[in-house]
Amino acid sequence: MDDLIAEVDRTCDAAHRPGGQEQPDWLALLTVAANLAGQLQALADDLVEDYVEHCRMHGSSWTDIGTALGVTRQAVQQRFQAPHKRYGPETMTDDLRQAMVHVKQAAVHHRNNYIGTEHLLWGLTAEDNTATRLLRAADVSPEDLHKAVGARLSMGASQAAERIAWTPYSRKAIAIAEERAEAAGSAGIDCDHLLLGLAQIGRGVAAGVLSEAGVDAATLDGRPRLCG
């Protein structure tokens, strides 16, 4: 606590009133403290989501995860599961819908009870689309990426394909993709938007594969959008 208070005092420009007055500007300090608390909460959320993702990847059920967090299965699913209703087929372009077919097939084939960033990148690089064209424009081979991420797909033990849920990093990637689609005035989320989302979050298997190939959000952002 003392360290946090010291950080608030250090970063608040108006922490102390001019002229040597004893009373600091408490409202200014409160504003800085609230901003710092928000950053810490976001960091705490990311920490929990990181471990939820690893639990899902290693076969933990939503019931087990809920028990570990001290909440119900329904509560933990509501917080961390895929936003199926928000990101339905009607929110995606034809190319992304086709890519999602490959995504689901990869998860089912490997008996994974989750859709991770690795499944998303595998699906995005399975066929020609705006994501693969964006990669080629950045001098990156989609075929090589497809092979690299395919090697990262591990076999699980799930038999219930209808219970597959997106991991927190995948949910973040599609949320970023939606923001980019809206900013670009696109009628739907496209493959290149999701590729940029995967690169921008900088975490997860896909981000590792992209990084090894020399791809990051900055590299892709400077490229013109190549539509079909």
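1. Is Phe80 buried or exposed? Phe80, which is found in helix α4, is buried, with a relative accessible area of 0%; here buried means under 20% relative accessible area, exposed means over 50%, and partly exposed lies in between, with a 1.4 Å probe and protein chains only. Helices, for this note, are DSSP runs of H or I with at least four residues, numbered from the N terminus.

2. Some notes on the basis of the values come before the rest. The model is predicted, so that local features need pLDDT of at least 70 and side-chain atom pairs count only at pLDDT 80 or more, while totals for chains, interfaces and linings use all residues. Residues are numbered from 1 along each chain as its sequence is written, and side-chain values use heavy atoms, with hydrogens and water left out.

3. The surroundings of Phe80 can be listed by contact, meaning heavy atoms within 4.5 Å. Leaving aside residues up to four places away in sequence, Phe80 touches Val48, Glu49, Val52, Trp62, Leu69, Trp166, Pro168 and Arg171. Arg171 is 91 residues from Phe80 along the chain, and the C-alpha atoms of the two are separated by 8.3 Å.

4. Phe80 also takes part in the packing of two helices. Helix α3 (residues 62-69) and helix α4 (residues 73-80) pack with their axes 8 Å apart and at an angle of about 100 degrees, where axes are lines fitted to C-alpha atoms over the stretch in contact and angles run from 0 to 180 degrees between N-to-C directions. The two helices are therefore roughly perpendicular to each other, a term that covers angles of 65 to 115 degrees. On the α3 side the contact is made by Trp62, Thr63, Ile65, Gly66 and Leu69, which meet Arg73, Val76, Gln77 and Phe80 in α4.

5. Helix α10 (residues 191-201) is largely enclosed by the rest of the structure, because ten of its eleven residues are buried. Those buried residues are Cys191, Asp192, His193, Leu194, Leu195, Leu196, Gly197, Leu198, Ala199 and Ile201. They pack against α5 (94-109), α6 (117-124), α7 (130-137), α9 (168-183), α11 (205-212) and α12 (217-221). After α10 comes Gly202, whose phi is positive, near 70 degrees.

6. The structure holds seven salt bridges, each being a side-chain nitrogen of Lys or Arg within 4 Å of a carboxyl oxygen of Asp or Glu. One of them joins the side chains of Arg10 and Glu7 (2.8 Å, N to O), and these residues, three apart in helix α1 (residues 2-11), are separated by about one helical turn. Arg10 counts as exposed at 61% relative accessibility, whereas Glu7 counts as partly exposed at 28%.

7. Another salt bridge links Arg97 with Asp94, the closest N and O atoms being 2.1 Å apart; the two residues are three apart in helix α5, about one helical turn. Arg97 is partly exposed, with a relative accessible area of 31%, and Asp94 counts as exposed at 56%.

8. Glu143 forms a salt bridge with Arg136, the closest N and O atoms being 2.8 Å apart. Salt bridges that share partners join Asp128, Arg133, Arg136 and Glu143 into one network. Within this group, Arg133 lies in helix α7 and is buried, with a relative accessible area of 17%, while Glu143 is partly exposed at 42% and Arg136 is partly exposed at 40%.

Terms used:
Angles under 35 degrees count as roughly parallel, over 145 as roughly antiparallel, 65 to 115 as roughly perpendicular and the rest as oblique.
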